[in-house]
Amino acid sequence: MNDQTELPLGEIDGALLADHIGDLDPPPEKWAATLASLVDHLADFYRRNGRNDEAAIGEAQKVVALLAHDFGGRPIYLPRGDRLQQALVARQIYLLHNGRNVEELAERFGYTVRHVQRVYAEQRSIETRKRQSQLF
């Protein structure tokens with residue numbers, strides 16, 4: 001005997017759901033200025049690095065679309081100042097590490113070999129947690 005009861009949900013109208021999914025988003029006045037600022041800052045960056053206006057704007061929009069795809073709808077925190085610089089260097093060490101260049105990385109960034117190993121281990125742990133969260 002099965003004691004479970006089916007909920008009378010009926011069929012979900014996909015077209016109706018698609019028509020109203022945007023209703024869940026905050027109103028544009030909550031995010032439009034931030035979106036415009038992101039595009040503007042990135043486009044300025046690309047212009048300063050030699051891209052013409054059209055290419056700079058196109059690249060900026062692509063980056064913002066990628067960020068929105070990966071982080072859209074979620075609050076994110078970005079550090080500033082020294083903490084940002086430390087985090088960026090740590091990520092660079094992780095991405096450049098190949099198992100045979102620890103001494104080279106230590107010299108390049110002005111760290112001890114042990115510090116580079118510790119930074120790499122911390123970044124690897126971050127990467128592992130990031131990938132494991134996708135499993136659940």
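Tyrosine 46 is buried, at a relative accessible area of 15%. Buried means under 20% relative accessible area, exposed over 50%, and partly exposed in between, with a 1.4 Å probe and protein chains only. This is a predicted model, in which local features need pLDDT of at least 70, side-chain atom pairs count only at pLDDT 80 or more, and totals for chains, interfaces and linings use all residues. Residues are numbered from 1 along each chain as its sequence is written, and side-chain values use heavy atoms, leaving out hydrogens and water.

Phenylalanine 45 has 40% relative accessibility, so it counts as partly exposed.

The structure holds two aromatic pairs. Phenylalanine 45 and tyrosine 46 form an edge-to-face pair, because their ring centres are 5.4 Å apart and their planes lie at 70°. Rings of Phe, Tyr and Trp (its six-membered ring) pair if their centres lie within 6.5 Å; planes under 30 degrees apart count as stacked, over 60 as edge-to-face and the rest as tilted. Tyrosine 94 and tyrosine 120 are stacked, since their centres are 5.2 Å apart and their planes at 25°. Tyrosine 94 lies in helix H4 and tyrosine 120 in helix H6, so this pair ties together parts 26 residues apart in sequence. Both tyrosine 94 and tyrosine 120 are buried.

Now to H4 itself. Helices are DSSP runs (H or I, at least four residues), numbered from the N terminus. The buried residues of H4 are Val89, Ala90, Ile93 and Tyr94. They cover an arc of only 140° around the axis, so they sit on the same side of H4. The arc is taken from the directions from the helix axis to the C-beta atoms. On the other side of H4, Gly81 and Leu95 are exposed.

Note on methods: Helix = DSSP H or I, 4+ residues; strand = E, 2+ residues; numbered from the N terminus.
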